Structure formats: C-alpha cells, structure tokens
Amino acid sequence: MGTFSKLCDLIMEASASNYTAKRNSTIKKQTPHHVAGVLTAEQIGKIFQNPNRKASANYGIGIDGKIVGIVPEESRAWTSSSPSNDHQAVTYEVSNDQVGGDWHISDLCIERLIDLMVDVQKRNPNTTHYIYDGTSNGTITRHNMFAATTCPGSYLQSKLPYITEQVNKRIAEGTAPVEVPKVQAATKRNVGEKVTVTGIYVASNSTNRLNPARTSGTITKIIAGAKNPYLLDNGNLGWTNDGCIVDSAITAPTTNTSVTTYTVQSGDCLSEIGAKLGVNWKEIASLNGIHSPYTIYKGQKLKIPTAAATSTKTNLKSNEEICKEVWAGKWGNGGDRAYRLTQAGYDANLIQSMVNKGIGK
C-alpha cells in the first residue's frame with residue numbers, strides 16, 4: 001500500500017487499470033472535484049474499483065463526512081482530463097448533498113476537504129502558499145479548466161477562493177499534523193450514554209475543533225485511543241472527547257444573551273453566514289437544530305445567537321451615528337465588524353442594512 005493521509009476513515013484502492021503507478025512530477029497542485037451525486041465514502045471508493053472505469057482520484061469525501069483513500073499519493077490519478085495537471089496534483093472527489101441545481105456541497109464536506117488538503121501539503125511541502133487565480137497556472141485547479149465539463153459544479157467552484165484562503169491560513173498557523181495514538185487509552189463513557197458537550201470535531205482524530213452552543217447527543221460508537229473517541233448520533237453531531245463532555249444538563253440561555261434572525265440568501269452556507277455575522281457557524285446550526293450535512297435553503301429563517309441585548313447597554317449612540325463611523329472605517333469589515341458591533345450592544349444586522357442603503361455616508 002502506498003501513502004495515504006491518516007485522516008482517512010477507510011482505504012479502498014482503485015483498480016490498477018484506472019491510474020498510473022508513478023508520477024513524473026512532485027506534488028505541487030491540488031484539484032477538488034464533485035461526484036455529481038449524493039454518495040458515501042464507501043460508494044465513491046467502489047466506483048473506481050471497477051477496472052473498466054478508466055478514471056480515479058486520490059481521495060474521496062462522502063456525504064457521511066468520511067474520507068476514503070483511493071489512489072496513493074505517489075501515483076497519478078486519472079481525474080482532471082489533463083495528464084500534466086494530474087501528475088502534479090492530488091485530486092479529490094467530494095459528494096454533493098443535492099442532485100442538480102448548483103450541486104451544493106455540505107459545510108461538513110467542505111471542512112473535511114480543507115483539513116485533508118492541509119494534511120497533504122504538510123507531507124508534500126513543495127507548495128507553501130496556494131494560489132487560485134481561475135487559470136491552470138494556479139496551484140488550485142479545476143476539472144473544467146481542461147475539459148468541457150460542469151465539474152466541479154457551480155457551488156464548489158464558487159467556494160474555491162474561500163477554500164484556498166482557509167488552506168493557506170491553516171498552513172501558516174503551523175498546526176501539528178494529525179496523528180493516530182499508538183497507545184490505546186481507556187475511555188470513560190459507554191455506547192448509548194447521552195452526554196452534553198461544548199465541543200465537537202469532524203473526525204475521530206481531527207484537531208479542528210468546532211465549538212457549538214452547549215448541546216447533547218448519544219454516543220453511538222467508540223474508537224478507543226483516538227483523539228476524539230466518541231461518535232455522537234451516528235455522525236449527525238460529529239466526534240467528541242472526555243474534555244468536551246460536561247455532566248450537567250443543558251441550561252437555558254442566560255438573560256445576557258439574545259437571538260436575532262437571518263434570512264438565507266441564494267449561495268449562502270453556514271460558515272459564510274457565521275463569518276459575516278461574527279458567530280461560530282456550529283452555534284447557528286445547534287440553535288436551529290441543523291445537523292450533518294448542514295443543508296440550508298434560500299428563504300429559510302435562521303435564529304442567530306448574539307451577545308448582550310441592546311436594551312441592556314447604556315450610553316449607546318444612535319444607529320445613524322454608528323453608520324457614519326462604519327463609513328469612516330472605525331468598525332472594521334465583515335465578520336470582525338459584526339462581532340464588534342454586537343459586543344458593543346448594537347444590532348449588527350440592522351446597522352449593515354442601513355449602511356447598504358447609504359445611511360451615514
């Protein structure tokens with residue numbers, strides 16, 4: 001067996017008829033694709049075990065959030081209709097969570113893709129800063145740069161700038177690579193036990209912690225020795241560990257918290273909504289009862305957790321004054337602005353709406 005990421009949940013090597021055993025180049029690029037269907041990791045792996053397929057990928061990411069190793073990294077997968085690209089690139093087939101339309105992909109699968117791309121780079125550090133410039137000269141490339149195809153689908157294509165940004169950010173942070181513990185440590189919980197958690201992970205050995213509002217779930221699987229040994233609700237919540245489990249019951253929101261609403265727009269995903277409003281997207285998912293694969297719909301009304309209600313703050317400026325300060329650049333931009341306004345006691349959504357109308361300019 002060749003080299004595969006330790007993030008893999010399973011290995012299902014493709015038929016030798018579907019890939020080239022040795023690359024003629026070092027790994028310099030990464031190329032995400034979509035499967036044009038809703039498939040589990042195992043189903044993706046099985047596709048390329050058919051010797052008549054004459055296609056493959058290095059990795060697959062299923063609707064279940066699992067990662068399957070398909071073609072070893074030393075080998076060139078037949079994925080992008082371009083031998084030159086595939087000799088240089090690690091390629092990924094990612095499951096959609098809807099068929100047709102913009103071929104939407106869940107936030108969970110996007111997160112797993114980013115984690116996997118970072119892990120691949122750490123073992124193949126020929127490229128330390130990825131570039132997506134919309135051309136085949138970049139180090140993040142697309143299938144439809146090389147063939148008349150809709151792959152990677154309009155949704156995943158629209159997310160490539162964000163994915164590239166996140167991959168570069170995590171590479172720069174220099175987080176430790178994910179490792180599977182050699183010693184199987186004892187676990188304190190049992191399958192079937194209902195627990196309350198303040199942190200979850202997308203995989204049993206992931207170091208990427210997501211911090212939801214305090215929530216509860218049932219342990220349905222245990223992998224002793226893993227960083228996050230407890231699978232909650234068959235993956236609907238994710239993985240957790242003893243350090244994230246609290247024994248007290250879920251408490252009602254305190255009086256210093258409030259909730260506002262947000263209407264989902266075309267092309268929105270939870271992670272981008274969270275970044276725009278300065279709220280962890282997993283908190284939004286938890287508050288609205290949204291589980292894996294974290295699908296949301298245009299026109300859907302989402303409850304958004306905020307900090308102290310405006311009415312509890314004193315000496316607040318008028319909204320018009322704050323708009324003037326926003327135009328003057330005193331409140332920053334994007335999620336940072338939303339977070340700062342909310343923490344100061346202002347309604348960030350209302351302020352943004354007023355700014356969009358040119359108030360205070």
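**View 1. Helix H3 meets helix H4 in this predicted model.** From H3, the residues Asp107, Ile110, Glu111, Leu113, Ile114, Asp115, Met117, Val118 and Gln121 touch Tyr155, Leu156, Tyr162, Ile163, Gln166, Val167, Arg170 and Ile171 of H4, where contact means heavy atoms within 4.5 Å. By class, that contact holds 11 nonpolar, two polar and four charged residues. Here Ala, Val, Leu, Ile, Met, Phe, Trp, Tyr, Cys and Pro count as nonpolar, Asp, Glu, Lys and Arg as charged, and the others, Gly among them, as polar. H3 spans residues 107–123 and H4 residues 154–173, and they pack at about 45 degrees with their axes 10 Å apart. Axes are lines fitted to C-alpha atoms, for helices over the stretch in contact, and angles run from 0 to 180 degrees between N-to-C directions. H3 is therefore oblique to H4; angles under 35 degrees count as roughly parallel, over 145 as roughly antiparallel, 65 to 115 as roughly perpendicular and the rest as oblique.

**View 2. Helix H7 packs against helix H9.** Let's move on to the next pair. H7 (residues 319–327) and H9 (residues 348–356) pack at an angle of about 65 degrees, and their axes lie 10 Å apart. That angle makes H7 roughly perpendicular to H9. On the H7 side you will find Asn319, Glu320, Ile322, Cys323, Val326 and Trp327, which meet Leu350, Ile351, Met354 and Val355 of H9. Eight nonpolar residues, one polar and one charged make up this contact.

**View 3. Leu10 sits in strand E1.** E1 covers residues 10–11; helices (H or I, at least four residues) and strands (E, at least two) are DSSP runs, numbered from the N terminus. Leu10 is partly exposed, with a relative accessible area of 22%, since buried means under 20%, exposed over 50% and partly exposed in between (1.4 Å probe, protein chains only). Leaving aside neighbours within four places in sequence, Leu10 is in contact with Ala41, Glu42, Lys66, Ile67, Val68 and Gly69. The C-alpha atom of Ile70, 60 residues away along the chain, is 9.1 Å from that of Leu10.

**Notes on the views.** Residues are numbered from 1 along each chain as its sequence is written, and side-chain values use heavy atoms, with hydrogens and water left out. In this predicted model, local features need pLDDT of at least 70 and side-chain atom pairs count only at pLDDT 80 or more, while totals for chains, interfaces and linings use all residues.
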